[in-house]
Amino acid sequence: QVQLVESGGGTVQPGGSLRLSCAASGIGFSISAMAWYRQAQGQQRELVARINAGGSTDYADFVAGRFTISRDNAKNVMYLQMNNLKPEDTAVYSCNVQGVTEYPYTVFGVWGQGTLVTVSS
């Protein structure tokens, strides 16, 4: 069973930075796609950024060059560096990991518990 642990959320002033981490643990699996989503209060969850096994990345338009997603495949850890944060970035950020187990090669998708990011002066 694959489990995700997120860290790095908190409160920051507008223009500040935070770095989120998402660590995957378990036995006998390999990860393909990893992604960060966010959900603001009263809003639907939306994709922030994603990265595939080869390192190719996609970002939501609202990121506008402020966020950088990366991953350490050896450690099964994904990061989201967030710079120039705005009040509208306030949300619960969750990581999602997709992959496949060892035999019998079951495809899985797992969500982290979420970490709150608050941008406020």
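Q: What makes Arg50 and Asp58 a salt bridge?
A: In this predicted model, the closest N and O atoms of Arg50 and Asp58 are 3.4 Å apart, and a salt bridge is defined as a side-chain nitrogen of Lys or Arg within 4 Å of a carboxyl oxygen of Asp or Glu, so the pair qualifies. Residues are numbered from 1 along each chain as its sequence is written. Because the model is predicted, local features need pLDDT of at least 70 and side-chain atom pairs count only at pLDDT 80 or more, while totals for chains, interfaces and linings use all residues, and side-chain values use heavy atoms, with hydrogens and water left out.

Q: Why is Arg50 called partly exposed?
A: Its relative accessible area is 43%, and the term covers values between buried (under 20%) and exposed (over 50%), with a 1.4 Å probe and protein chains only, so Arg50 is partly exposed. Asp58, at 41%, is partly exposed as well.

Q: How do you know that Arg38 and Asp89 form a salt bridge, and where do they lie?
A: Their closest N and O atoms are 2.9 Å apart, which meets the salt-bridge cut-off. Arg38 lies in strand β4 and Asp89 in the loop between β8 (77–82) and β9, so the pair ties together parts that are 51 residues apart in sequence; strands here are DSSP runs of E with at least two residues, numbered from the N terminus. Arg38 is buried at 7%, and Asp89 is buried at 0%.

Q: What joins Arg38, Glu46, Arg66 and Asp89 into one network?
A: The side chains of Asp89 and Arg66 also meet in a salt bridge, at 2.6 Å from N to O, and salt bridges that share partners join these four residues.

Q: What makes the Phe29 and Phe108 pair edge-to-face?
A: Rings of Phe, Tyr and Trp (its six-membered ring) pair if their centres lie within 6.5 Å, and planes under 30 degrees apart count as stacked, over 60 as edge-to-face and the rest as tilted. The centres of Phe29 and Phe108 are 6.1 Å apart and their planes stand at 80°, so the pair is edge-to-face. Both Phe29 and Phe108 are buried.

Terms used. Helix = DSSP H or I, 4+ residues; strand = E, 2+ residues; numbered from the N terminus.
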